[in-house]
Each structure stands twice: as C-alpha cells, then as structure tokens.
Amino acid sequence: MVHSLQVFVIAAFVGVWEGLGQLGILDKFFYSRPSLIVPRIWGWLAEGYTPTSIYRDIEVTLIETVLGFVIGTLLGVAIGYAFARNRVLGQAFDPLLSMFNAIPRLVLAPVFILAFGIDLASKVALGVTLVFFIVFFATFTAVRDVDQTLVDNVRVLGARRRDVTFQVLLPAAFSAIVASLRTSAGFAFAGAVVAEYIGSSVGVGRRIANSEAFFDSTGVFGGIVVIAALALALDAFLQVVEGWFSRWKPRLER
C-alpha cells in the first residue's frame, strides 16, 4: 500500500510537470519537460562506457562519495570516542570544533579545490569534512551517555581498558553511530556533486555544470534525475545495512 502510494505521488508530480510544460505555463527553456529529459538520459546510457560517458561520471562520483564517507566515518568514530573518554581533551578542543561545525562546509569547496586541485582529492576532502562532524558528535554523545555504573562494574570484574572499549562503550554507542551513517552518506554524496559542479573534469556535477554553461535545461534536469536515482539507491542500500546491524533490537508490534 505504501509503495503504491509513493509511486502514485511521483507519477502525479511528473504528470503535472509535463502537463504544465505542454500548456506553456512552464517554459521548457528553463524547466524542460519529462518527455524531453527521459530521452536525453536514455541517450546517455546508450553511449556505452567511454572517458566522457555518463557511466564514467557516475563511477567517479561514487568513488568520491565512498572515500569521503569511509574516511570521515573512521575519523569521526575514532576522534569522537577519544574526546568522549578524555574530558580534558574534549574541553580543550570544544571551541575549535564548535567553530568549524558552525561553518557551512559546502562553502569550503572552493578552498579545497584551490588546495588540492580539481581532481579526486578535493572532492574527498569536502566529503570527509561533511561526514566527520555528523559521526563525531553522534559518537561523542553516545559514548558520554553510557552509564558510568556499568563501566565501573565491568572494571571491578577485571575488564581491561580494551575490554571496556570494545565490549561496553562501542557496543552501547553502536546504534547511534549506525543511525548517523545514512545522514552522513547523503552529505558525502552531496559534497562530491557540489565540488564537481564548482570545478572538475569529470563527474555528474561536472555534467550538470557543462549543461548549464550551454543553457541546456534538459541536460541540467537530466543530471539532477541521475543524482536523485543514485541517492535513492544509496539510501536503500544503507537502510538494508542499518536493518542488518539492528536486527537484534526488539521490534514494536503495530
């Protein structure tokens, strides 16, 4: 029932868009039409794999997304845990982290492009900064919220520092960390696309920027549709992963 309703909503949106375009209410020069966008995307897909094909653009964007996501997640978990367990360290870096967290990270894209060039490194660096703070604060808060009595009890039973870390603290914080991954993955993907749009030689963002430069609204919306499809696929994959890691949780009967 829910899936049918979701399909209906999307179909209705596309139908209204097409209808308004056919009636001339929406100027196709600016907004294009679904009947023009679908053939454009099909043409891209029919080109085959070449250095300038849509497949190459998608490949590069996904590589940038995965690298930014993985590196940002590992740094966020490691540093978040370290700051949560060392109160002095956390307090010392709190002003600096708060300052950087307040800066909209997407505005750093030109800085990273100037520093690392228009290739892979600048896109990954932006993705890392976007992911890091989400995972960092999730880890930091979750570890801090672990009941100290529980930690004291396992220490009385002879647990070493490593045992406390891997058998008490991280498992207790695991749900919060996993829940933050879906949000951070979306930010990593957005960071890669935005950085490509600002400056790149390949990628879905670069394809949209090129279409915009030639006032090709069909190409712009075609690129947006490709991005939306990739984002939905990525989110669906992460839902499966989150469900697998959370399978131990009791489920509420509805």
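Predicted model: local features only at pLDDT ≥ 70, side-chain atom pairs only at ≥ 80, totals over all residues.
Visitor: Which side chains count as positive and which as negative?
Guide: Lys and Arg count as positive and Asp and Glu as negative, while His and the chain ends are not counted. The place of a charge is taken as NZ of Lys, CZ of Arg, CG of Asp or CD of Glu. In this chain there are 20 positive and 18 negative side chains, and the centres of the two sets lie 7 Å apart.

Visitor: How many helices and strands does the chain have?
Guide: Helices (H or I, at least four residues) and strands (E, at least two) are DSSP runs, numbered from the N terminus. The chain has 11 helices and zero strands. Its C-alpha trace spans about 75 × 50 × 35 Å along the principal axes.

Visitor: At what angle do helix 4 and helix 5 pack?
Guide: Axes are lines fitted to C-alpha atoms, for helices over the stretch in contact, and angles run from 0 to 180 degrees between N-to-C directions. Helix 4 (residues 54-85) and helix 5 (residues 87-102) pack at about 120°, their axes 6 Å apart. Contact (heavy atoms within 4.5 Å) involves A82, F83 and R85 of helix 4 with R87, L89, G90, F93 and L97 of helix 5.

Visitor: What share of the residues is buried?
Guide: Buried means under 20% relative accessible area, with a 1.4 Å probe and protein chains only. Of the 254 residues in the chain, 37% are buried.

Visitor: What share of the contacts joins residues 24 or more positions apart?
Guide: Such pairs account for 70% of the contacts in the chain with a separation of 6 or more.

Note on methods
Residues numbered from 1 in each chain as written. Heavy atoms only, no water. Buried < 20%, exposed > 50% of the residue type's maximum accessible area, 1.4 Å probe, protein only.
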